[in-house]
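Biologist: Hello! Could you walk me through this protein, step by step?

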Amino acid sequence: MVTPPDGGLADELVSEDPPPREACGVFGVWAPGEDVAKLAYYGLYALQHRGQESAGIAVSDGSRIVVHKEMGLVAQVFDEPALTALRGHIAVGHCRYSTTGASVWANAQPTFRSTPTTSLALGHNGNLINTRELAALLGETGQGHGEIAATSDTDVLTALFVSGRVPPVAAAGAPVVASAGAATGSPAGSSTGVPEGVEAAAAAVLPLAKGAYSLVFMDEQTLYAARDPHGFRPLVLGRLKGGWVVASETAALDIVGATFVREIAPGELVCINGRGVRSRTFAAPRPSGCLFEYVYLARPDTTISGRGVHATRVAVGRRLAAEHPADADLVIPVPESGTPAAIGFAEASGIPFGQGLVKNPYVGRTFIQPSQTIRERGIKLKLNPLRDAIAGRRLVVVDDSIVRGTTQRALVAMLREAGAAQVHVRVASPPVAWPCFYGIDFATRAELIAGHLSPAEICASIGADSLGYVSLEGLTEASELPASRLCRACFDGQYPIPVAEDDRGKHVLDGLGVGS
C-alpha cells in the first residue's frame, strides 16, 4: 500500500510552535492564445508560501468553467495531464491555508457555483468577520438545504454572487472607468454601461462584507479582482503581451513574465474581458495594509506599496541594531526568514554576519511517528548548528518573530549545547501580543507568549542572555508607510474593524447547518 503525501510543508521548527500562517495566495489570468492553466500553475508555485493545505485552478474557454483542486501542494495537485485538460483563456488559481472553515477538500478553492444563467469560480485571500451575517442573506437554502457545500467564508461569498438574493447596490449606476491601455467599447453587462450579472452582484455584495478579502474570480467571459476597503491583503495587476494577470504578490508576476502595472486599490472592483479592463469603486478606501506582510508573510522579492520587502527587512535589522546593540562576535539568522534582518543588523553593528544554522529544506510532515527521544530533539530535524562556526563565540541570533516561544527556547538550548558562549536573541518585529482576525492564523492571545509575559520574562523563559525586539515605530518607519495606512493590530491591539466574539475562529459556520 502506498500512502500519498498529506501535502503539508512544515514551516515550524518545533511542531508545537507553528509560525504565523498566511491565509492564501490568489492568481488570475486573462490571456487569449496563452496556456493559462500553466501560467496559473507557475503563479501558484510562486505563491506557495502563502498556503500549503490545498491548491486549485479553474479555467474557462468562454462557454464553461472546469475546476481541478485537491488537498496538497501545487506540485502534488497538478501534473502534465491535469494541466493539459484545463483549456481556455481565463484562469483563476488558489493555494490555501484555512482561517475560516476546516482544512478539508470541500473548502479547497477556487470555490464553484453554477446557476441556469451563469457559473462562477472564486479564490479568496483573507478572512471575513461577518460570515454568519452574510450566510443569513442566503435564506433557508443557506441553512443546510444543499446550497452551501462548504463551511468557509469564501463559499458564502461565491453563493451570494450567483444567488440573486442580495439587494441592488445603490451605486449600480456609477460610472465604469476603463484603465489606461484597455480596449475601448461598452462595458460588459449592458449597452447602457450599467453592470449586470456577476459584476452587479459583486458590486452589491462586497460593500456588505466586513473583514479582509483580496478576491480573484471569474464567470465564463470575464476575470474579476476585488480588494476590501482597508486593503488588508495585497493584490496587484500585471500586463502580459497579450493579456492581464492579477496576483497576491508582485513576485508571481515576475515568474510568469508579466509587467507590474499597479496595485488593486482598496475598495476597487476590476473587470477584465475582451472589451478591456474596467474599474469601479464599490466602497470608500480606508487603507490599513497588514504590517506583518513585511515581517514574515510576503516573499522577500515582492514589492508592497512601492517598497521592496527585502529592503524593508534589512532596514528593520539596522534599526534593531541601533535600538538593541549587543557585544558579540557573530550575527547569525534563523533561516530563512531571519536572514535579511540579520544582514541589516550586521551592517549597522559592524559585527560579522555568518551562517550558524543549516536548514534542511526537504523536511516536511511525515507519516512516521518519531520516538519520544527524537521528538524531544525534533528541531534538529530541521535546523542543525555549525559547531565550528559558533563554538566559543558570543552570538546574536536574529529571528523574524516570536509566537509561543517554544521554537526559540529549543534553539537557544541547541546553540548552547553546540558550544556558544552567549546567545543574544534579536527579533525583527515588536512583540506579537494580539491575534489576527484579518487573514493570518495566529495563536490565541492566551497562547501568544507576549500576551502574558514581558520581554524580560520572555528572555528568561527562552533561556537567552538578552532579548531585544524592534520597536513598533522602527518597524513602521522601515515600511516607509505612515501608521495611519497600516494595520498593526497584532502588535498594539488596535483593530481597524471590531470583531464580535461569535465571529472569531475558523469554525463560525459549523453547527449552522451550512455544509451539512
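Biologist: Is His-424 buried or exposed?

Modeller: First, this is a predicted model, where local features need pLDDT of at least 70, side-chain atom pairs count only at pLDDT 80 or more, and totals for chains, interfaces and linings use all residues. Residues are numbered from 1 along each chain as its sequence is written, and side-chain values use heavy atoms, leaving out hydrogens and water. Buried means under 20% relative accessible area, exposed over 50%, and partly exposed in between (1.4 Å probe, protein chains only). His-424 has 9% relative accessibility, so the residue counts as buried.

Biologist: Which side chain makes a polar contact with the side chain of His-424?

Modeller: A polar contact is a pair of N or O atoms within 3.5 Å; within protein, one must be able to donate a hydrogen and the other to accept it, and residues adjacent in sequence count only if both atoms are side-chain atoms. For His-424, the distance is 2.7 Å, and the partner is the side chain of Ser-466.

Biologist: How many disulfides are there?

Modeller: A disulfide is a pair of cysteine sulfur atoms within 2.5 Å. By this rule, the count is zero disulfides.

Biologist: How far from Cys-95 is the nearest cysteine sulfur?

Modeller: Cys-95 is in no disulfide. The nearest cysteine sulfur belongs to Cys-24, at a distance of 7.2 Å.

Biologist: And which cysteine has the sulfur nearest to that of Cys-436?

Modeller: Cys-436 is buried, with a relative accessible area of 17%. Cys-436 is in no disulfide either, and 6.1 Å away lies the nearest cysteine sulfur, that of Cys-290.
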